[in-house]
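Reader: I would like to learn how to read this model. Please take it feature by feature.

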Amino acid sequence: MRHPILEGVSIAPVEEERVEVGDRVDPDVPWITIVWNDPVNLMSYVTYVFESYFGYAREKAEKLMLDVHTKGRAVVSTGPREKMEIDTEALQGYGLWATFQKDV
Amino acid sequence: MAHGFKRSARERRVVARLDETERTIVVGLMEQVLDLIHPPVQPLAQPEGDTGAGSRDPFEEIVAGLGDVDTSVPAGPDAPDLADVPDTPEELGGRGFGVPAPRDPALDRLFPTADRQDEQAAAEFRRLTEPGLRSRKADNLRLSVTALRGAHRDRVELSEGEASAMLVALTDVRLVLGERLGLRSDEDAARIDELLDDLDRDDPVAYAIAVYDFLTWLQESLVHALSA
């Protein structure tokens with residue numbers, strides 16, 4: 001957030017001046033972590049993972065689990081790419097089939 | 001008769017009752033999965049008299065991915081048309097997307113591709129994360145084996161940390177066994193229980209299915225004990 005009095009004075013954070021290429025720096029396009037349905041993981045366990053890793057309330061965790069189960073997949077978190085990579089790695093650590101991608 | 005995991009009267013501990021046979025089966029499977037994800041260094045030459053895989057029992061061969069398991073049935077008119085399922089992971093990048101060379105499919109299930117659109121990114125993610133994931137999974141398995149071996153009068157007692165490790169270890173064992181049994185869809189999972197009714201009791205595949213069901217039951221009890 002920029003303060004009006006400081007207009008013209010460059011206090012822009014470094015990253016605003018950095019010139020980068022590629023789609024991974026577009027701040028308007030968040031990334032997502034997806035969990036895919038699989039026949040082995042228990043519904044109760046998937047709910048438990050969403051509760052314990054993300055700290056989601058039981059109701060939200062169960063809704064996401066049911067989405068995975070009935071729709072084949074669910075978006076379980078949204079944010080910058082780096083965070084989605086961390087979430088994906090953690091969920092794979094739990095044995096869930098997690099992937100990350102740009103939200104389109 | 002096994003009793004699944006329950007919260008003990010002592011705060012923050014969960015307890016199950018598993019007899020020696022049951023513990024031996026679970027420990028044996030955990031050690032096999034441990035070998036799969038953290039292979040011990042093998043001597044190049046087989047020792048004299050060791051016939052290698054041929055000396056394993058049929059169930060061990062199934063878990064090792066060497067057994068002849070065919071749980072598939074011919075697709076009948078009622079079989080779901082896979083083409084109708086949108087965006088399944090298999091359609092885009094499969095589970096081994098970004099893996100340089102074909103490898104044990106159970107490893108592709110334990111360490112699935114994380115990016116199904118960009119093979120280079122998938123390979124890079126795998127390169128960065130797989131060593132850490134393997135090491136964490138191995139730690140969970142070792143901790144669980146130690147806890148099971150420490151059972152006193154069939155009583156398996158776990159701290160909160162051991163219980164979390166056991167939960168993931170049981171998941172990984174079931175993922176490997178499920179892969180060996182050809183479980184790729186929810187329909188497959190329903191089908192193997194029907195298959196169990198048709199198989200001879202002595203069939204190693206029937207034994208593998210029964211063990212899989214036992215692990216499912218055990219894990220379910222542990223999740224409920226921890227969620228309570």
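Author: Start with the lining of the largest cavity. Helix α4 (residues 119-149) of chain B gives the most to it, with six residues. Keep in mind that this is a predicted model.

Reader: Which residues line the largest cavity?

Author: From chain A comes Q92(A). Chain B brings F111(B), P112(B), T113(B), A114(B), A122(B), F125(B), R126(B), T129(B), E130(B) and L133(B).

Reader: How do the residues of that lining divide into nonpolar, polar and charged?

Author: Six are nonpolar, three are polar and two are charged.

Reader: What volume does the largest cavity have?

Author: About 40 Å³. The structure holds one cavity of 30 Å³ or more.

Reader: Now the sheets. How do strands of a sheet pair?

Author: Through backbone hydrogen bonds, either parallel or antiparallel. In chain B, three strands form an open sheet in the order β1-β2-β3. The pairing there is antiparallel.

Reader: Which are the edge strands of that sheet in chain B?

Author: They are β1 (3-7) and β3 (155-158) of chain B. Each pairs on one side only. From one strand to the next, the twist averages 20°.

Reader: How many bridges join β1(B) to β2 of chain B?

Author: Three, and the two strands run antiparallel. Strand β2 covers residues 14-17 of chain B. H3(B) has R17(B) as its bridge partner in β2(B). R7(B) stands opposite V14(B).

Reader: What do β1(B) and β2(B) form, and what sits in the turn?

Author: They form a hairpin, with six residues between the two strands. R12(B) lies in the turn and has a positive phi of about 65°.

Reader: Over how many bridges do β2(B) and β3(B) pair?

Author: Over four, in the antiparallel sense.

Reader: Which helix lies across β1, β2 and β3 of chain B?

Author: Helix α7 of chain B, residues 204-227. Its direction is at about 10° to β1(B).

Reader: Turn to chain A. In what order do the strands of its sheet come?

Author: The order is β2-β1-β3. This sheet too is open, has three strands and is paired antiparallel. The edges are held by β2 (73-79) and β3 of chain A. Each has a single partner strand, so one side of each is left without a neighbour in the sheet. The twist averages 25° from one strand to the next.

Reader: How many bridges join β1 of chain A to β3(A)?

Author: Six, with the strands running antiparallel. Strand β1 spans residues 31-36 of chain A. Helix α3 (residues 58-71) of chain A lies across β1 and β2 of chain A, at about 135° to β2(A).

Reader: Where is the place of Y94(A)?

Author: In the loop between α4 (81-93) and β3 (97-102) of chain A. Leaving out residues up to four places away in sequence, Y94(A) touches Y45(A), V49(A), S52(A) and Y53(A), and also V168(B) and T171(B).

Reader: Where should the predicted coordinates not be read in detail?

Author: Where pLDDT is low. The mean pLDDT of chain A is 81, and 73% of its residues reach 70 or more. Over residues 1-24 of chain A, however, the pLDDT is below 50. Beyond near neighbours in sequence, that stretch has 10 contacts in the model.

Definitions and conventions
Residues numbered from 1 in each chain as written. Chains lettered and ligands numbered in written order. Predicted model: local features only at pLDDT ≥ 70, side-chain atom pairs only at ≥ 80, totals over all residues. Heavy atoms only, no water. Pairing = 2+ DSSP bridges. Axes fitted to C-alpha atoms, helices over the stretch in contact; angles between N-to-C directions. Contact = heavy atoms within 4.5 Å. 1 Å grid on protein atoms, 1.4 Å probe; cavity = no way out; pocket = protein on both sides within 12 Å on 5 of 7 lines; lining within 4 Å. Points joined across faces, edges and corners; volume = space filled by probe spheres on them. Nonpolar A, V, L, I, M, F, W, Y, C, P; charged D, E, K, R; others polar. pLDDT = per-residue confidence, 0-100.
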